[in-house]
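Please look over the structure shown here before reading on. The report that follows goes through a few of its local features and then turns to how its parts meet.

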Amino acid sequence: MKRLIGAVAAIAILAIAFWLMQKDKFEWHIAPPLPLPEVPIDNPMSDAKVELGRRLFYDSRLSINGTMSCASCHIQSLAFTDGRARSIGATGEQHPRGAMSLVNSAYGSRLTWANNLLDRLEDQALTPLLGDNPIEMGMAGRESEIVTMLSNDALYASLMREAFPAASNPYSVLNVVRATSAFVRTIVSFDSPYDAFLRGDVDAIDASAKRGMDLFFSERLECFHCHGGFNFTDSSTHADANVDRVGFHNTGLYNIDGNGAYPADNTGLFDMTGERRDMGRFKAPTLRNIAVTAPYMHDGSLLSLQEVIAHYLRGGRELTEGPHAGDGRLSPYKSEFIRGFELSDEEHADLLAFLHALTDQRVITDARWSNPW
Amino acid sequence: MSKPLTIIVFFFFGLSACSRQEATVSIPFAATIGGQAVGCQGLHAAFRMTDLRFYVYQPTLHRNDGTSVSVRLHENGRWQRDELVLIDLEDGSGDCRNGTRDTNNEIIGNVPVDEYQGLTFSIGVPFERNHADPLTASAPLDDSTMHWHWRSGYKFLRAGFETANDGFWIHLGSAGCLGTVQNIKSCRFSNRFDVTLDDFQLGDEITIDFTALLSTSNSIDGTQADCSSGPAEETCREPFTVFGIDFDTGEQVSEQQLFFVGQH
C-alpha cells in the first residue's frame, strides 16, 4: 500500500513538474524548421518580462531630458529603424551611423554595424542607454534616477515584481536592460511573402520577384554570400548553432586616399582592431524589410534600393568630388564578392521586386510590438 | 591546517600588527595648467577644463632604503577597493557637461608609520578586473560613466578641455580586444601607464598639469580631433606621448608628463 501511495505521489509530482515546465515555457510563435533565438542563461524569457520590456522600450523617461526612448530611433513602421541617415541623440548629438533594424536582432551573432565584441542584446543596450560619445539616451551616472522612477510608478512596481519574481529588489538598471532585451528578442520576422512562398504558397510572390530571387541567389550577382541564410546576413546565429558565424565586409563604398581609406568617423571594424585589412569592413545587415529601411549603408549615404543596386552593379561607388572623393571599386580592401555585374532593365526590376517581397507587414504593424502607453 | 599551526599563525600576525603602528594618509590630487588651478567653472578663455577622471591602481609609497609599502585603501563603498581608486576631479557643473556631481580628490588609506620618499601608481584597471559587467561590478567599477560599453572595459582616464575656438577630449582605455564582451581573451593595446613621483613626501599634493595634453592635442584649429583610444585613431598618437605610451604598441616607453608633485 505504501508503495502504491509512493508511486501515485511520484506520478503526481512529475505531472505537476511537467505542467509547471509547460506553463513557464515561452511561446515564441516561431514554427519549425525556423530556429529559435539563443537566450542568455541569466535572462530567461517570460511573458511578464517581455511586457515590462515593451513598456521600457517606449518610455522616454529613460533619457536624460525625457525626450527619447528606444523607439525614437527604432520605429516599428520602419522595421525599427528611424529613416535618418545618421541617428540623433536626446541632446541633439549626431551619431556617425544610422540606427539598425531591430528585426531578428535576436539572431545576430554580432550586434551593431562594426563591433566584433558585442554578441548579446544585454551588452549592446548599455551603449544607447549610457553612452556619451555621442550621447544617445544619456543616462550614464543617472542610474539612481531610473531606479527612483521605476519604484515610484505603480505599473512598473507590479510589472517588475512579476518579471523578476525571485529578486528581493527588482529595481535596477540591470533588470531594465534584461527586460528591454527580452522584448527586443521577440521582434522576429518570418511572415514576408517570400516566407509564405518558402512554406509552399507558390503564388505568394509574383513571377518578377521569383526571377529576382534567382538573380539574388546567383553566382553572377553574389548577393547571397554575405546576405545569405534564413536571416539574409552571414552574421547570424540561433539556439542550436554550433559555430560562431561572423562576417564583416568592405563593399567599396569609399576609397578616399587610393589606399582604401573610409571617412575617419566611420572606418568600420578598423576602429576596433587597428588592423589595416579591417578598413571599411561592416556587418552585412539583414535584408528582411529592407524596402522600408531607407536610407542605406552604415552612414545612410545611399538613398534608395536603386542606388544600392547601382553601387553593387558597378562593383563599388565612385565619388568624384568632395572630401570623400575616390573610387571604391579600386579599394584594396574590397570584398572578393563585390565584382560588379550587368543587369537588364527587366532584371533590375525583378531584383527590386524580390527585395520588396522580404517586407513582413506583420512585424511592422503587429500590436505586440507597438507602443503600449 | 592543524590547530596548533593556526594558532601560531594568528599569533604571529597579531604580533606584527601590534608591533608596527599604522597611520591614515591622504594623497590629494588637483587639476592645474601651468601652475594655475582649473576646475569646471572655467576662468581662462584659452583653457576651460571639461572633464578629469581616472583610475589609480596600486598606490605604493617608497622608503629611502629601497623598500616599499602598498597603501592599504579604506573601502568606502564608492571610490576605493582592492588597490583601485577612482579619482574624479569634475563635479558636473559649468563646462563639465558630461560630468557627475560626486567628486573624489584623494587616495585615502593606511600605511605603517615611517619616513617615505617617493610614490608610484599605475593609471588603469588591471586586465582581470577590466572586462567585468559594469552593472554587477562593485565600486569603484560600478560607475557607468567610466565604462566603455562598446569597446568593452573601462575608460582608465577621461580628460577634456575647451580652448578659445576648439576643444579636445581623450578617453584612455584598452583597445583592440579579442573575444566577446562577456569573455574578453586579450587586448592588443593595453594603454596603461605607470607614474613614478620620486620627490613625493607625505603631505604633498599631486597635480595633474594639462599643459602637455593641451600642446599635443590638435585643439586650436577648430577641427574635430578627439581621441577614444582606437588603435587606428591618429588623433591619439601625439596625446599618448603625454602618458609615455607608444601609440603603435599600447605600451609605455617613456616617462609620463601629466602627474607631478606639488605646483608644476
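## Cis peptide bonds

Pro140(B) is found in the loop of chain B that runs between α2 (127-130) and β10 (157-162). In this predicted model, the peptide bond leading from Ala139(B) to Pro140(B) is cis, with omega near 0°.

Chain A has a cis peptide bond from Ala294(A) to Pro295(A), with omega near -5°, and Pro295(A) lies in the loop between β2 (282-283) and α13 (305-314) of that chain.

## Positive phi values

The loop between β2 and α13 of chain A also holds Met297(A), a residue other than glycine whose phi has a positive value, near 75°. Met297(A) is buried, because 22 other C-beta atoms lie within 10 Å and 20 or more are enough for that label.

His29(A), in the loop between α1 (2-24) and α2 (47-57) of chain A, likewise has a positive phi, near 60°, without being a glycine. His29(A) counts as exposed, because it has 11 C-beta neighbours inside 10 Å and the label applies at 12 or fewer.

## Two packed helices

In chain A, helix α10 (residues 207-216) packs against helix α14 (residues 345-356) at an angle of about 95°, with their axes 7 Å apart, which means that α10(A) is roughly perpendicular to α14(A). The residues of this contact divide into nine nonpolar, two polar and three charged.

## Where the chains meet

Between the chains, 23 residues of chain A are in contact with 20 residues of chain B. On the side of chain A that touches chain B, α5 (126-130), α8 (173-185) and α12 (270-273) each supply at least two residues, and by class that side has nine nonpolar, eight polar and six charged residues.

How values were computed. Residues are numbered from 1 along each chain as its sequence is written. Chains are lettered from A and ligands numbered from 1 in the order in which they are written. This is a predicted model: local features need pLDDT of at least 70, side-chain atom pairs count only at pLDDT 80 or more; totals for chains, interfaces and linings use all residues. Two residues are in contact if their C-beta atoms, placed from the backbone, lie within 7 Å. Helices (H or I, at least four residues) and strands (E, at least two) are DSSP runs, numbered from the N terminus. Ala, Val, Leu, Ile, Met, Phe, Trp, Tyr, Cys and Pro count as nonpolar, Asp, Glu, Lys and Arg as charged, and the others, Gly among them, as polar. Axes are lines fitted to C-alpha atoms, for helices over the stretch in contact, and angles run from 0 to 180 degrees between N-to-C directions. Angles under 35 degrees count as roughly parallel, over 145 as roughly antiparallel, 65 to 115 as roughly perpendicular and the rest as oblique.
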